Amino acid sequence: MSVDGFQRVEVITGVALRRRRPAEQKLRIIEESLEPGESVSSVARRHGIAPNLLYRWCCLMSEGGAVAVQVDDGVTRNGEVRRLEDRVRKIERQLVRKTLEVEILKEAFAKSQLKKDLAVLVATEGIFPVKVIAETLSVFRSNFANA
């Protein structure tokens with residue numbers, strides 16, 4: 001940018017690793033990048049910042065508004081919310097496990113009912129002793145008393 005034929009040169013001295021910009025300046029730059037016909041890269045170049053930094057500011061602005069841009073930090077969630085989310089995930093995993101267990105138990109129960117019914121049918125024929133039928137089909141002899 002030139003003013004009255006002079007070009008503005010900014011000299012940065014010291015060992016500063018980061019350049020801190022005021023929140024108002026960040027917001028102005030973000031608003032400028034949102035104008036029709038503007039791109040993040042061109043606005044970033046004009047203001048001497050990396051395009052990925054301006055993109056980050058825009059993302060922070062959309063996620064958490066001006067507060068996130070002011071502190072130049074991600075939108076942080078409350079620690080308690082994170083703990084609750086972890087508990088919900090843990091409970092969801094347990095629910096999936098328990099649902100699978102229930103399905104396996106239902107199938108096993110159905111098969112055991114079939115074995116019991118089969119054992120009772122074989123026992124009513126009177127060809128084999130109840131003890132042998134129970135041991136062979138792995139059912140309890142008490143099942144025969146109920147039938």
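## Charged surface patch

## Basis of the model

The model is predicted, so that local features need pLDDT of at least 70 and side-chain atom pairs count only at pLDDT 80 or more, whereas totals for chains, interfaces and linings use all residues. Residues are numbered from 1 along each chain as its sequence is written, and side-chain values use heavy atoms, with hydrogens and water left out.

## Overall architecture

The secondary structure of the protein chain comes to seven helices and two strands, where helices (H or I, at least four residues) and strands (E, at least two) are DSSP runs numbered from the N terminus. Along the sequence these elements follow the pattern β-β-α-α-α-α-α-α-α. Of the 147 residues of the protein chain, 18% count as buried; here buried means under 20% relative accessible area, exposed means over 50%, and partly exposed lies in between (1.4 Å probe, protein chains only).

In soluble globular proteins, nonpolar side chains tend to be buried together. In this model the largest nonpolar core has eight residues, namely Ile-29, Ile-30, Val-43, Ala-44, Ile-49, Leu-54, Trp-57 and Cys-58. The elements that give two or more residues to this core are α1 (23-33), α2 (40-47) and α3 (51-64), and the largest share, three residues, comes from α3. A nonpolar core is defined as a set of buried Ala, Val, Leu, Ile, Met, Phe, Trp, Tyr and Cys residues joined through side-chain atoms within 4.5 Å.

Cys-59 is also placed in helix α3, but at 26% relative accessibility Cys-59 counts as partly exposed. The C-alpha atoms of Cys-59 and Ile-30 are separated by 9.9 Å, the two residues being 29 residues apart along the chain.

## Salt bridges

Side chains of opposite charge can pair when their charged atoms come close. A salt bridge is counted here when a side-chain nitrogen of Lys or Arg is within 4 Å of a carboxyl oxygen of Asp or Glu, and by this rule the count comes to five salt bridges. One of them joins Glu-32 and Arg-46, with the closest N and O atoms 2.8 Å apart; this pair links distant parts of the chain, Glu-32 being in helix α1 and Arg-46 in helix α2, 14 residues apart. Arg-46 also meets Glu-38 in a salt bridge (3.0 Å, N to O). Arg-46 is partly exposed, with a relative accessible area of 43%, and Glu-38 likewise counts as partly exposed, at 29%.

Within helix α5, Lys-106 and Glu-103 are three residues apart and therefore separated by about one helical turn, and their side chains meet in a salt bridge (4.0 Å, N to O). Lys-106 counts as exposed at 52% relative accessibility, whereas Glu-103 is partly exposed at 43%. Elsewhere, salt bridges that share partners join Glu-32, Glu-38 and Arg-46 into one network.

## Towards the end of the chain

Ser-112 has its place in helix α5 and is partly exposed, with a relative accessible area of 23%. The C-alpha atoms of Ser-112 and Val-139 are separated by 8.0 Å, and these residues are 27 residues apart along the chain. Ser-138 is placed in the loop between α6 (130-137) and α7 (142-146). Although Ser-138 is not a glycine, its phi is positive, at about 55°, and at 56% relative accessibility Ser-138 counts as exposed.
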